[in-house]
Amino acid sequence: MSKLVSDAMKQQSTVLSMLRRENIYTYSLEVSSACANRIVVGGKERINFISNNYLGFSTHPEVLKAVRKAVDKYGLGTGGSPMMCGTTDLHYKLQDKIAQVFEREASVILPSGYQALLGSIQATVGKGDVALLDSLVHRSIVDGVTLSGCDKRMWLHNDTEDLASLLGRVKNKYQRMIIIVDSVYSMDGDLADLPELYRLKEEHGALLLIDEAHSLGVLGKRGYGLPDHFNMMQAPDVIAGTFSKFAGAVGGFVTGPSDFIDHLRHNSSAYIFSASLPTMTVAGVYKSFELLEEEPQWRERLWNNIAYFLKGLKELRFDTGTSRTAVVPLLIRDQEKTMTFNKMIFDEGVYASPVVYPAVPPAEARIRLGVMATHTKDDLDKSLEVFGRVGKKLGII
Amino acid sequence: MGITAEQIRKDFLSIIAKLAGKRPEQLKDQDRFREDLGFDSLKSMEAISRITETYDFDPDLDEIMELQTIIEVINYLERKLVK
C-alpha cells in the first residue's frame with residue numbers, strides 16, 4: 001500500500017480488496033449510456049434501479065432541447081463564481097421559479113445539493129446556537145452543522161416525542177434552535193412528520209429547515225414536495241434541495257425570506273468559493289420545473305410503478321421497511337448476503353445499490369432501489385422475478 | 001446521597017437502549033457501539049450529551065471515545081462518578 005494510506009485506512013482498504021477479489025464489488029462501475037430505465041454498465045444493458053432520477057427527466061426530449069439551446073448560447077460553463085460572472089439571466093430566471101414554486105420571497109442556486117445544505121445551515125446558525133438533527137439526516141446536513149460552529153444534538157429517527165423532550169431540555173441553553181430533517185429519508189424512503197414538526201417548532205420557538213432532495217417532484221399534488229404533500233407550504237423556515245433527483249441533473253437550491261437569501265449569498269463559503277452551476281444545466285432544470293406543471297403524468301406513472309413494485313415485493317415476502325416513496329429498501333440484514341444478492345441480480349441484468357456498514361448498521365444491511373416513472377411493466381416484472389429467484393436461493397425469502 | 005454503580009448501569013443502559021432502538025435487557029456488556037449497535041459518530045456524540053445531562057458531568061472526549069463496549073463505558077463512569 002502507498003504511504004498515503006494511513007494505518008486507520010488500511011483495514012478498509014483490505015476489505016475493499018477482498019470484495020474486488022471475490023468479484024462482488026459493484027460500486028462506481030463504468031456506465032456507458034444515459035441514465036434511463038435501462039442503463040449500460042460494464043458493456044451490458046441492465047434494468048436501472050440504482051439512480052435517483054425518479055421522473056426520468058434527465059433524458060426528456062424537451063429538457064435536452066433546452067440544454068442544447070443553452071449550450072449553443074452560453075457554452076460549457078460560466079467561467080466564474082456566482083459573485084463574479086457566474087449568474088446569468090437563466091440563473092435569475094430559475095431562482096425566481098424556485099421561489100415561486102415554494103411560495104418564498106427569494107432563492108439561490110448552488111452547484112450541488114451538498115453545498116446547498118452546507119450553505120443553508122452555515123447562513124442560519126453559528127456559535128451559541130444548537131442544531132437538532134433527525135438521526136438519519138443526510139451527511140451534508142451533519143457536515144453543514146459542523147461547518148457552522150453551532151452545537152449538534154440528535155433525536156431518534158422520526159420520533160417526535162424524543163425531539164419534544166430534547167427541545168425542552170436544551171431550549172434555555174442556546175440563543176437559537178434549528179430542527180433539521182430530510183423530507184424523505186434517502187435509505188428508508190419514509191417521510192418526515194411535517195405537521196408535528198411545525199407544531200413543536202412553534203411551541204418551542206425553534207426554526208425548521210427541511211431538505212427536499214428525495215421529495216421534490218415526487219410528493220404533493222403539484223410535485224412540490226413535503227410541504228405540498230401536507231398542504232403546509234409555509235411550515236418550514238428554510239427549504240433546501242437538489243436538482244440531482246427530480247431533474248436527474250446536478251445542483252442545489254435554498255429558498256426563504258429575501259433578507260436571509262441575501263445574507264447567504266454574502267456569507268456562505270459553499271456559495272461564494274465555487275464556480276456556479278453551468279447555464280446549460282440551469283436551462284434543463286428550469287424546463288424540468290415546467291414539466292412538473294405541464295406533464296403531471298410522469299408523477300402519476302411513478303406512483304403507479306411504486307405501488308405495483310412494492311406490492312410485488314411484499315407478495316414475495318421481502319422486507320421493505322417503512323418505505324412509502326420511490327426509495328425502496330430490500331432489507332436483507334446480513335452484509336455478506338447483501339453483497340452476494342446484489343452481485344447475483346447484477347449478473348441477471350438488474351443494477352441496484354448494496355448498502356452496508358458503515359452507511360447503515362450491520363443488522364440493517366439492504367439493497368437500495370430507486371423506482372422510476374420510466375420503468376416499464378416488463379422492467380418491473382423481470383426484476384421481481386429475478387429478486388424472487390435469487391432471494392429464495394440465498395434463503396432471504 | 002451519591003450515585004451508585006447500580007444506578008449508573010441502569011441509566012446508561014437506558015440511554016443506549018433508546019438510541020439503539022432496543023430494550024435495556026437486550027443489551028450485552030460486550031456489545032460494541034459501532035459494530036454491534038450500529039452507532040455512528042452522530043449517535044455516539046448524542047450518547048455522550050445524554051450522559052452529560054443525566055449526571056451534570058462532562059466526560060473527557062478523548063478518553064470516552066476510545067471506549068468500544070458497553071462494559072468499558074460503565075466501568076469508566078463508575079470510576080468517575082462513584083465516590
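The structure is a predicted model, in which local features need pLDDT of at least 70 and side-chain atom pairs count only at pLDDT 80 or more, while totals for chains, interfaces and linings use all residues. Residues are numbered from 1 along each chain as its sequence is written, and chains are lettered from A and ligands numbered from 1 in the order in which they are written.

Helices (H or I, at least four residues) and strands (E, at least two) are DSSP runs, numbered from the N terminus.

Within chain A, three strands form an open sheet in the order E1-E2-E11, with mixed pairing; strands pair if DSSP finds at least two bridges between them. Strands E1 (38-41) and E11 (350-351) of chain A stand at the edges with a single partner strand each, so one side of each has no neighbour in the sheet. E1(A) pairs with strand E2 (residues 44-48) of chain A in the antiparallel sense, over four bridges. Opposite Arg38(A) stands Ile47(A), in E2(A).

Turning to helices, H13 (residues 335-347) and H14 (residues 377-393) of chain A pack at an angle of about 135°, with their axes 10 Å apart. Axes are lines fitted to C-alpha atoms, for helices over the stretch in contact, and angles run from 0 to 180 degrees between N-to-C directions. Phe341(A), Met344(A) and Ile345(A) of H13(A) make the contact with Val386(A), Phe387(A) and Val390(A) of H14(A). The residues of this contact are six nonpolar, no polar and no charged.

Finally, Ala283(A) lies in helix H11 (residues 279-294) of chain A. Ala283(A) counts as buried because it has 25 C-beta neighbours inside 10 Å, the cut-off for buried being 20 or more other C-beta atoms within 10 Å. The C-alpha atoms of Ala283(A) and Leu64(A) are separated by 9.2 Å, although the two are 219 residues apart along the chain.

Key:
Contact = placed C-beta atoms within 7 Å. Nonpolar A, V, L, I, M, F, W, Y, C, P; charged D, E, K, R; others polar. Buried ≥ 20, exposed ≤ 12 C-beta atoms within 10 Å, placed from the backbone.
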